[in-house]
Amino acid sequence: MAVKDSRSGVGRGLHGITASNSNTRISATRIPNRLASGSPVAALASENLGLNSERMREAMVQRLHAQGITHDQVLAAMQLIPRHVFVDQALASRAYDDASLPIGHGQTISQPWVVARMIAAVCNATMPARVLEVGTGCGYQAAVMAKVFAQVHSIERIRALYDTAKEHLRLLRLTKVRLVHGDGMLGLPSVAPFDAIVVAAAGIRIPQALLAQLRIGGVLIAPEGTSAQRLIRVTRTGASSWDRQELEEVRFVPLKAGVQT
Ligand code: SAH
């Protein structure tokens with residue numbers, strides 16, 4: 001495989017490590033939590049967290065814009081999907097913070113900036129249609145992707161999280177997302193090639209099986225590394241050539257082989 005390497009700071013300097021939780025941008029700006037707490041989470045989309053969750057999302061979207069996310073469709077999708085539905089009731093009041101949060105089984109829901117950045121990074125002039133996510137977790141990113149792309153497939157290796165994500169997507173009537181319980185390091189050969197692949201867990205190297213399942217011209221984004229991690233954007237330029245670009249420093253949960261039942 002021929003991989004061309006180009007490093008890009010994409011105009012966003014790193015200012016030292018200020019956050020160390022998972023699925024987070026390392027230099028994340030901490031925004032104070034302005035939300036009310038202790039409210040019911042059963043209520044959906046526009047429902048109440050003590051304040052109007054739609055307004056909380058509006059504030060989140062404004063913050064994402066200020067942090068450099070300018071892709072209209074991505075911002076519109078982040079405005080639509082109620083993130084509080086995807087976290088435990090006890091954490092619902094923090095759902096619109098710019099932070100990753102625990103979702104059980106040692107995993108996390110990614111920080112909103114990370115979700116928006118990854119989705120925007122695979123959007124070219126021609127929007128990808130068939131997209132694969134590796135690492136469904138609670139299903140939040142898959143839900144946002146469902147508002148941006150025509151066809152979304154997502155794989156999760158932990159059975160309990162796969163079940164939870166399925167329930168979240170059913171509640172929001174996002175049943176067009178195709179969820180799979182399996183090892184995402186192997187991709188989904190029966191559905192490939194994909195126009196875009198978004199990997200939500202960090203491996204030492206991006207699995208070759210995923211690079212092989214990108215169509216020519218397609219884009220993959222994944223965190224790479226162990227203790228020091230960076231987002232990597234790979235564009236498939238030919239049958240056996242990929243172009244590699246290094247983006248921001250991040251911290252993700254590990255990409256693991258096999259499944260957990
Ligand atoms: N996309 C999520 C982030 C989930 S965290 C969001 O919306 O916030 C990353 C997830 O990747 C975890 O649930 C973890 O179990 C899963 N994961 C790790 N290795 C995997 C693999 N090989 N295949 C599928 N899922 C994997």
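Modeller: A strand, labelled E, is a DSSP run of at least two residues, and the labels are numbered from the N terminus. Keep in mind that the model is predicted.

Colleague: Where does histidine 105 lie in those terms?

Modeller: Histidine 105 is in the loop between strand E3 (101-104) and E4.

Colleague: What makes the phi of histidine 105 worth a remark?

Modeller: Most residues other than glycine have a negative phi. Histidine 105 is not glycine, yet its phi is positive, near 60 degrees.

Colleague: Which kind of peptide bond joins alanine 192 and proline 193, cis or trans?

Modeller: That bond is cis, with omega at about 10 degrees. Most peptide bonds are trans. Proline 193 is in the loop between strand E7 (178-181) and strand E8 (194-199).

Colleague: Now the ligand. Which residues of its shell are closest?

Modeller: The shell has 26 residues, and the closest are Ser110, Gln141, Glu156, Gly184 and Lys256.

Colleague: How much of the ligand's area does the protein bury?

Modeller: Alone, the ligand exposes 580 Å², and the protein buries 100% of that.

Colleague: What kinds of residue make up the shell, and which element gives the largest share?

Modeller: Eleven are nonpolar, ten polar and five charged. E4 gives the largest share, three residues. Strand E4 (107-109), helix H4 (140-146) and strand E6 (151-156) each supply at least two.

Colleague: How many cavities of 30 Å³ or more does a search of the whole structure find?

Modeller: The search finds one. The largest cavity holds about 340 Å³ of space. Its lining has 31 residues, with Gly135, Thr136, Gly137, Glu156 and Ala200 closest to the centre. The lining divides into 15 nonpolar, eleven polar and five charged residues.

Colleague: What takes up the largest cavity?

Modeller: The ligand does. To say that a molecule sits in a cavity, more than half of its atoms must lie within 2 Å of the cavity's grid points.

Technical notes: Residues numbered from 1 in each chain as written. Predicted model: local features only at pLDDT ≥ 70, side-chain atom pairs only at ≥ 80, totals over all residues. Heavy atoms only, no water. Near = heavy atom within 4 Å. Areas by Shrake-Rupley, 256 points an atom, 1.4 Å probe, with all protein chains shown as cover. 1 Å grid on protein atoms, 1.4 Å probe; cavity = no way out; pocket = protein on both sides within 12 Å on 5 of 7 lines; lining within 4 Å. Helix = DSSP H or I, 4+ residues; strand = E, 2+ residues; numbered from the N terminus. Nonpolar A, V, L, I, M, F, W, Y, C, P; charged D, E, K, R; others polar. Points joined across faces, edges and corners; volume = space filled by probe spheres on them.
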